[in-house]
Amino acid sequence: MLKRLISHVLFARQGSQGTDRRVMARWWLMALIASLAGLSATQAWALPAFARQTGQSCVACHAGGQFPELTPYGRMFKLTGYTYGEHANPVSAMGIVDWTGNNNNSDGMGGQLTDLDRRFLLDFGSVFLAGKITDNIGGFGQWTYTVHDRQDNEGNWLGHFGSDNFDLRYANQDSANDKGLIWGLTLHNNPTVQDVFNSSPAWGYPYIAPSGKASVAAPPATMIEGGAAAGGLASSVAGTGVYALVDKSVYLEFTNYQTAKGPWSFLSIGNSTGDPNYPLTYVQSWNPYVRVAYTHEWGPQNITVGAFGMQANILPLDGNNYPIYGQGATHYSDTGVDAQYQYLLSPHTVTGQFRWVHEAVNDDTQNFFSAPATLNSLKLKGTYVYQEKYGVSLAYTNVTGSADPTAYSASANNSPNTTYWTPEVFWLPLRNLRVGLQFNLFTRYLGAKTNYDGNGRNASDNNNAFLYLWLAI
Amino acid sequence: MKTSLHSVGWVLLGVAALLGGCADTAATADGGVESNMAPVKLAHVVCATCHGFDGNSVSPQFPKLAGQQREYLVAQLTDFKGHARADIKGQQFMWGFTRLSHEQIEGLADYFSSQVTMRGHGMPQGDRGATLFLQGASDANVVACMTCHGAKAEGNGPFPRLAGQHADYVYKQLIVFQTTNDRPRGAPMKVITHNLSETDAKALAEYVATLGQ
């Protein structure tokens, strides 16, 4: 199966000069479908690669079965380099079918904001390569095809294929005493994708959300949460870091990020310099990330408290989407605190996460911010799962910050202040299949509850309902 | 894009060589090739993650193994390896250990059985559990547990030590014995627990969890 996927890539490369990502994406989509069909025909349990490797159920690593939220065992599996178990078929796949219903899809001028409103969509699919390589090295890579990515001049939706999460690591441990030390190196392509606690952004809630093309809501977020206006870092950067877990309780990490170009460009497939739709984001000099956390288990419970910080310097791009050197950058400085609680004892699973991020922005270019700005982001989430099958969760998000006419031009008072609630119910009829219904309910959007844009649109107009079916094989 | 695809091709070929090789190994090894990690290291880097370095697990999801009867440990590991023990939690967490070698099973049993025995919390609640354990319940045809598991619940060969075990684990296993055939080696327990009420099962589990001071 893997060789077939590779041959598709090479075939795409050998095509005519006109071979573009659409051709490649079609091959990958076919490969994905073939993967799904092939694996489902051979896997009685239909479990992804890690489950095949360890021989264990999804619930061993995922709290209450709600992937991707990790149990203490799942965290150890990741910290030790995904190396538990024996070599197994490393190919997995994931597909999502969903439906997004916006409360008000009108653009106020007789048109609609999105033509994907209230439609069932085969939204996107991913292929994974995951597993141990040696007893000390393992990882996973995810590549995703987004079916509804952008529209051509005639309004036809075009797809896009590109890198998604990637984390390759070397890990070692001192196993001679009960305290122990685990340490390792990580290469990844998105800040915090290497983290093991689900209170940090990359694997934080929501675990699945309406696509930005089907939803009309686009709440502001901090850089480390994926919201940098100057250019997204996910799948555009190469993070190289060192980490340690001391005494099974204190986690320390230092990572530096650089642009995923040249030898690192395998981390940024789909994003490239000069691409009009997917220009590679360029970061300048050092972009450090530090992380500390303390975790403790007692009985069936565990708690984690932590802090993190990151500096990112994002270069401006010229009209051809090439980086401009020597004219400053957009400087993001994010600091955050987070916490997580888990109660794990069948048939009950209770988990909660908290994250607060403070961001300071200095934009030399003034392309994205008119003046030095701040943004504060609070996320709270609680979940209950019964029998690792029936789940309910509630999340609260509150974003506040300084007003800026460039950054928040869609707001009548130039404010980022946004507040929303996210209730969700989900059902896991199979270990690798989740069906869920989620609502995003805005009580404030870009600075106001009503008429936030000065044209009569209210925060609640951006409310949406999101129905999804999420299958991993 | 061209540069990117060059890089992609080489890197994916590299990953394919590594992981593809792994896949081939797995394809020929399934059910055949046994792990060769030293048992003590296996205990320290794998088993310890859930069961604790010395067999004293923190979470009641996972049984304590410290000082458990060696013969019982060998039997359970053998049953997990062969998928003969099929209770849900056993499947979820232990069915992956199909490649344990005989030497590893023996070594793991040696390691955990030789640890300082698990200890209970020593705070008995009520006397129903003690009565059931020591005397049984003749009216319900429940045999005294001590008959096989020992007066102090220390276990005996194939009969596991219960003293100091997590109450939640003991209770759930009693329900497994009572309501399923998922632990064939424990078939006699199905008869013994047949008339055990949920309340009594909990009382028993709470009682043995207090022992072993």
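This is a predicted model: local features need pLDDT of at least 70, side-chain atom pairs count only at pLDDT 80 or more; totals for chains, interfaces and linings use all residues.
Local features are given for residues with pLDDT of at least 70 and side-chain atom pairs at pLDDT 80 or more, while totals for chains, interfaces and linings use all residues; side-chain values use heavy atoms, without hydrogens and water. Residues are numbered from 1 along each chain as its sequence is written, and chains are lettered from A and ligands numbered from 1 in the order in which they are written.

**Chain A as a whole**

Chain A contains 5 helices and 16 strands; helices (H or I, at least four residues) and strands (E, at least two) are DSSP runs, numbered from the N terminus. Of its 473 residues, 55% are buried, a term that means under 20% relative accessible area, with exposed meaning over 50% and partly exposed in between (1.4 Å probe, protein chains only). Among contacts in chain A with a separation of 6 or more, 64% are between residues 24 or more positions apart; contact means heavy atoms within 4.5 Å.

Two strands count as paired if DSSP finds at least two bridges between them.

| Partner in chain A | Sense | Bridges | Residues opposite each other |
|---|---|---|---|
| β5 (residues 181–188) | antiparallel | 8 bridges | A:Thr186 and A:Gly241 |
| β7 (residues 250–259) | antiparallel | 10 bridges | A:Val237 and A:Thr259 |

The hairpin of β6(A) and β7(A) has 3 residues between the strands, and A:Asp247 in this hairpin adopts a positive phi near 60 degrees.

**Aromatic residues**

Rings of Phe, Tyr and Trp (its six-membered ring) pair if their centres lie within 6.5 Å; planes under 30 degrees apart count as stacked, over 60 as edge-to-face and the rest as tilted. Over all chains, 22 aromatic pairs are counted. One of them is the tilted pair of A:Tyr73 and A:Tyr84, with 5.6 Å from centre to centre and 35 degrees between the planes. A:Tyr73 belongs to helix α5 (residues 72–79) of chain A, whereas A:Tyr84 lies in the loop between α5 and β1 (91–102), 11 residues apart. A:Tyr73 counts as buried at 7% relative accessibility, and A:Tyr84 is buried at 6%. Both residues belong to one aromatic cluster, together with A:Phe77, A:Tyr82, A:Phe140 and A:Trp203.

A charge sits over a ring if NZ of Lys or CZ of Arg is within 6 Å of the ring centre and within 35 degrees of the ring normal. A:Arg434 has its charged end over the ring of A:Phe67, 4.6 Å from the centre, and also lies over the face of A:Phe426, at 5.2 Å.

**A buried aspartate**

A:Asp117 is found in the loop between β1 and β2 (120–132) of chain A and is buried, with a relative accessible area of 15%. Its side chain reaches the backbone nitrogen of A:Asn102 at 2.7 Å. Beyond neighbours within four places in sequence, A:Asp117 is in contact with A:Thr100, A:Gly101, A:Asn102 and A:Asn105.

**Helix α10 of chain B**

Helix α10 (residues 198–210) of chain B has 13 residues and reaches 19 Å from its first C-alpha to its last, close to the 18 Å expected; the expected span is 1.5 Å times one less than the number of residues. Buried residues of α10(B) include B:Leu204 and B:Val208, and the buried residues pack against α6 (128–135) and α8 (167–179) of chain B. After α10(B) comes B:Gly212, which has a positive phi near 90 degrees.

Technical notes:
A polar contact is a pair of N or O atoms within 3.5 Å; within protein, one must be able to donate a hydrogen and the other to accept it, and residues adjacent in sequence count only if both atoms are side-chain atoms.
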